[in-house]
Amino acid sequence: MKPSRSALLSLGAALALAATAAVPAAQAAPVAAAEGGAVVREWYDTTAQTVAAAGAPTQITNSRTWAISWLAAARAAREAPAGRDRAAFEDAAVASAVHGALLSLAPARAAELDAALAATLDRIPDGPAEDRGVAAGERQARAALAEREGDGLDPESVNAPFTVPPAAPGVWQPTPDGYAPAIQYGNRTAKPFLLDSPSQYRLGPPPALDSRRYRADLAEVRAYGKADSTVRTPRQTETAEFWYGPSLTLYTEPLRVAVTRSHRSAAGRAELVALYHAALVDTQIATSDSKYAYTRWRPVTAIRTGSIAPDPAWTPLHPTPAHPDYPSGHTTYAGASETVLGALVGARTAPFSLTSPTAPGVHRTYTGWAELTRDNVDARVFSGIHSRSADEAGVVLGRTVALHALRHADRLFEPRGTDRP
């Protein structure tokens with residue numbers, strides 16, 4: 001027998017816990033297994049395949065694609081009427097909404113998306129519930145796309161030109177080997193999903209150049225992040241290699257694990273995906289705001305040209321991304337992910353295996369979202385591309401933005417342009 005609506009843990013209850021307790025205290029009690037998981041998983045995988053095959057060159061633009069598609073799905077599923085036809089409506093609504101949004105955002109995948117929608121609808125009983133679910137999905141996809149039009153998250157806006165300030169101690173400069181121009185500068189002027197402004201949670205400044213913390217940071221990354229380091233262990237090198245890839249790619253499987261193991265309804269699972277990606281878009285916006293507010297130089301510049309035992313030949317294990325050090329974008333992403341998943345599905349889960357495109361053949365096993373955060377913090381130091389202060393500040397910023405998203409999530413989900421049944 002399927003659980004009644006009242007038996008399911010509401011999103012609002014989980015959000016209330018998240019708003020009043022420190023992460024990871026918001027761990028909801030288990031509920032009965034919910035309906036609708038198969039369709040959500042199928043369209044989750046379709047979204048991942050679509051982004052991988054036809055995504056933008058900028059990570060935040062792809063995060064936007066996820067957020068819009070699943071926000072439409074969550075809103076459409078919320079239109080489902082009570083009663084025995086609810087599951088059919090929700091499944092049709094989720095599939096139709098994600099299909100409609102992705103068709104607009106990745107038109108090159110039209111054939112694959114149309115085939116996926118046809119396969120889903122073939123398994124849903126024909127009738128008014130299916131028809132109304134499809135209509136709701138189409139309507140909410142159009143509304144979500146219109147709502148985010150001109151939000152400044154297209155690749156050209158994201159990589160708006162940045163004027164490099166004159167070289168000075170502590171000030172970011174283009175880094176070797178390529179000395180590429182700065183990227184992601186435009187994130188800080190983009191429209192967030194839930195933040196009041198990109199600078200709402202701007203971090204305090206990084207450690208002063210004459211501080212003990214700064215000297216300790218530099219000594220650590222100098223020793224452990226050097227390409228031919230003699231103190232970095234093989235396991236630490238593997239950690240750096242494993243987490244060097246894009247955060248969106250690396251966290252696609254952990255989020256899938258959370259969605260698959262969730263006990264929520266189809267609507268609830270769609271809300272989990274939508275809120276996760278809306279929070280992560282906002283996190284990336286906030287990250288760039290702090291990065292370009294402080295323009296802190298990268299370790300390779302500090303070590304090669306700084307006043308503390310300069311070493312012009314020092315080379316990091318991995319090439320340094322073309323944006324300032326403070327805070328680390330990987331760790332803001334990790335901190336936000338840990339917070340959203342901890343609040344909505346619990347801080348720990350059964351063991352799951354994770355692979356990485358930058359560490360072929362390596363499998364790592366995790367049982368909690370905080371473990372991913374820990375490895376991200378360490379990885380950026382072992383790669384030689386971030387100071388530990390930048391990493392730890394990133395975690396704080398990511399958690400803060402995610403908690404804001406959890407507190408204000410209801411603003412995202414009310415269906416647009418419809419009279420609910």
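**Buried residues and ring pairs**

Trainee: Is R109 buried or exposed?

Mentor: R109 has a relative accessible area of 19%, and buried means under 20%, exposed over 50% and partly exposed in between (1.4 Å probe, protein chains only). Do keep in mind that this is a predicted model, where local features need pLDDT of at least 70 and side-chain atom pairs pLDDT 80 or more, while totals for chains, interfaces and linings use all residues. Residues are numbered from 1 along each chain as its sequence is written, and side-chain values use heavy atoms, without hydrogens and water. By its 19%, R109 is therefore buried.

Trainee: Which residues does R109 touch, beyond those up to four places away in sequence?

Mentor: R109 is in the loop between α4 (86–105) and α5 (110–123); helices are DSSP runs of H or I, at least four residues, numbered from the N terminus. Contact means heavy atoms within 4.5 Å. With residues up to four places away left out, R109 touches Q49, T50, A53 and A54.

Trainee: Are the rings of Y251 and Y333 stacked, edge-to-face or tilted?

Mentor: Rings of Phe, Tyr and Trp (its six-membered ring) pair if their centres lie within 6.5 Å; planes under 30 degrees apart are stacked, over 60 edge-to-face and the rest tilted. The count comes to 13 aromatic pairs. Y251 and Y333 have ring centres 5.4 Å apart and planes at 45°, so the pair is tilted.

Trainee: How many residues apart in sequence are the parts that this pair ties together?

Mentor: Y251 is buried at 2% relative accessibility, and Y333 is buried at 1%. Y251 lies in α10 (residues 247–261) and Y333 in α13 (residues 329–345), so the distance in sequence is 82 residues.

Conventions
Helix = DSSP H or I, 4+ residues; strand = E, 2+ residues; numbered from the N terminus.
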